[in-house]
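Subject: The structure we talked about

Hi there,

Here is the structure I promised to pass on, with some notes below it. Have it open while you read.

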Amino acid sequence: MCKQRRLKEAMCILHLMDEHADSSAYHSLLQACLNSRALPEAKLVHAHIIQTAFGFNSNDISLPNKLVSVYAKCGNLGDGRRFLEQMPHRNVVSWSIMIAAYSRAGHGNEAFNLLNQMQRIGILPNQFTLSSLLPACAHLAAVEEAHEEIIRSGFHSEVFVGNALLYMYAKCGSIKTARYVFDKMPKRDVVTWNAMIAGYAQKGYVNEALELFYKMPEQNVVSWTSMIVGYAQNGFIDKAAKLFDEMPERNVVSWTSMISGYAQNGRVDEAYKLFKKMPERNLVSWTAMIAGYAQNGYVDEALKLFQEIPLRNVEAWNAMIAGYVQNSRNKEALKLFREMQRQGIKPTSMTLASVIAACADMAALEQGFEIHEEVIKSGFQSDLFVANALVDLYAKCGSIEIARNVFDKLDYKDVVSWNGMIAGYAMHGFGKEALNLFDQMLHCGTYPDHVTFIGVLSACCHSGLVDEGLQYFNCMSNYYQITPTMEHYACMVDLLGRAGHLDKAQNFINRMPIKPDYIVWSSLIAACRIHKNIKLGEFAAERLIELNSQKATPYVALSNIYAAVGRWDGIEKVRKMMKDEGVRKEPGCSWIEINKQVHTFFVGDRSHPKLQQIYEKLEILSQQMKAAGYAPQRRLELNDVE
């Protein structure tokens, strides 16, 4: 049954058995669960082993190792770790499976902790343990630590260990060290050469990659494909196409890589032409083309292609759902998810994370609760990717306590987990909580990235922590070697501006090593509106109009600055400028979720079926507010400048 991929029937037979099965039957069932990523069924097999007294007490530890592997590879690291610690007998394979799982999930600290725990009880790592440890290294210092351990253990001459080291140094941006490892390797195979070529190409060293490519003793299809991907990722799509045409042989991966390359560079028509020319297409090719269309905004074309797939797998559904979410067509994403369920397709962590993101974008909390229930039913509550999406959902919906509850229940947290919770606190004005959490993150050994500091600086901004914000900004580049991006600069301008330090904000912009963009000038003009600084507001508006004269934002902001100080002539001037440029202000929009349905409203929109009842209720609320003594702060309202 298991060999025929008939897992349901196999599970039914297992439940009918009063006695335990033999070891090979359990192995087959667990492998079938692993192949289908069927975690609930794997737990049932585990329960059956215990209930029928088959047990795990024999010296044969292949079965318990298999169970650890199933838990780990299905993303349930918590249960995998607990079972490992309960095993009466463990060998290097047992530990290596769990170390590799942590490593793949990006939990570097836990992977290294397990390695140390294993060594303390007298089990020495082998070359497989150490090579699997390397993907857990999130930053250069961790790779160097793993490298030292490899040298101490005497496995540095092993080809596949050297390959893993080389790959991780390149991934962490240390190309020179990667090349040093490459040059010092006593033996190299085709994987070694391909890893070094890919490392060069992915970091933008295309010429060095090409030089090494032509020096290879023997090029294979992977070598050619690595060069094609490198060219495409760095914007040299025509060179990628030329190399593709020169390939002596191509496989489906080569074709798919070239299709993805065209799509990444916005040349979707050429991607589709190549897709149609493919001698043989598989589901990966179809999915790549769907994703390519969606990435470039051609969602309807993606849907048409999705509907043409002869046999859709879960990855195809995922690509289409993700495409809807990427293009803010969230209702359609949720509708397609429900259709997927009706057709009996089990969601993966990617599916659930995408639909959770759709709910987050719409602030659809009730539907989010419903998807959360699906997560629990599907056994993905321990999946980090899904849990991170849930933290983001609840934070964006204002349910910050629930977000923190999900965050605290995570067995293991990666940088995305911390970033999501820090950003959640920041957006709701809990600056101190965000900064305390950042301190906890550092204490736990998680290395911050550029997204972390956007959250930290936003927290300082929304809480008026100017001195702290300046310290974190300097610490980011001086200590963590993270080059500030435009978002970081915009946060600093916003921080200084909100606090009333407009001259410092302007000086900060003048000292920026990169040309300020729309976000930076928008942050400054918003501060000018708050503090009624007409002169600087006019200057910022001019810069914004230079960047994009068709956007209404600078005109509206400038009009509000004039209104705040009673400069009605200024408002008239802005109105004339907009008319001359043909700029129209987009109507404001808001939405609310009631009974799992999202209702959207635009300014002046009278299309809602319950319009009369809505306006009647608004009138009642307005009278109640006046009776309570409420007076609107009209100086900050957005003026109609059209």
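Which backbone nitrogen does a side-chain oxygen of Asn220 reach at the start of helix 14? That of Val222, to within 3.1 Å. This is a polar contact (a pair of N or O atoms within 3.5 Å; within protein, one must be able to donate a hydrogen and the other to accept it, and residues adjacent in sequence count only if both atoms are side-chain atoms).

Some background: this is a predicted model, where local features need pLDDT of at least 70 and side-chain atom pairs count only at pLDDT 80 or more, while totals for chains, interfaces and linings use all residues. Residues are numbered from 1 along each chain as its sequence is written, and side-chain values use heavy atoms, leaving out hydrogens and water.

**Helix 14**

Helix 14 covers residues 221–233; helices here are DSSP runs (H or I, at least four residues), numbered from the N terminus. Because 10 of its 13 residues are buried, helix 14 is largely enclosed by the rest of the structure. Buried means under 20% relative accessible area, with a 1.4 Å probe and protein chains only. Among the buried residues are Trp224, Met227 and Tyr231. They pack against helix 12 (190–202), helix 13 (206–215), helix 15 (237–246) and helix 16 (252–264). After helix 14 comes Gly235, with a positive phi near 85°.

**Helix 18**

The buried residues of helix 18 include Trp286, Met289 and Tyr293, and the buried set packs against helix 16, helix 17 (268–277), helix 19 (299–308) and helix 20 (314–326). Gly297 follows helix 18, and its phi is positive, near 85°.

**The nonpolar cores**

A nonpolar core is a set of buried Ala, Val, Leu, Ile, Met, Phe, Trp, Tyr and Cys residues joined through side-chain atoms within 4.5 Å. The largest one has 158 residues, and Met258, Phe306, Met320 and Leu524 touch the most other members. Helix 24 (residues 384–396) gives the most to this core, with nine residues. A second, separate core has 32 residues, including Tyr26, Leu29, Ile123 and Tyr412.

For Phe306, contact means heavy atoms within 4.5 Å. Leaving aside residues up to four places away in sequence, Phe306 touches Ile290, Arg312, Ala316, Trp317, Met320 and Leu336.

Happy exploring!

How values were computed: Buried means under 20% relative accessible area, exposed over 50%, partly exposed in between (1.4 Å probe, protein chains only). Helices (H or I, at least four residues) and strands (E, at least two) are DSSP runs, numbered from the N terminus. The expected span of a helix is 1.5 Å times one less than its number of residues.
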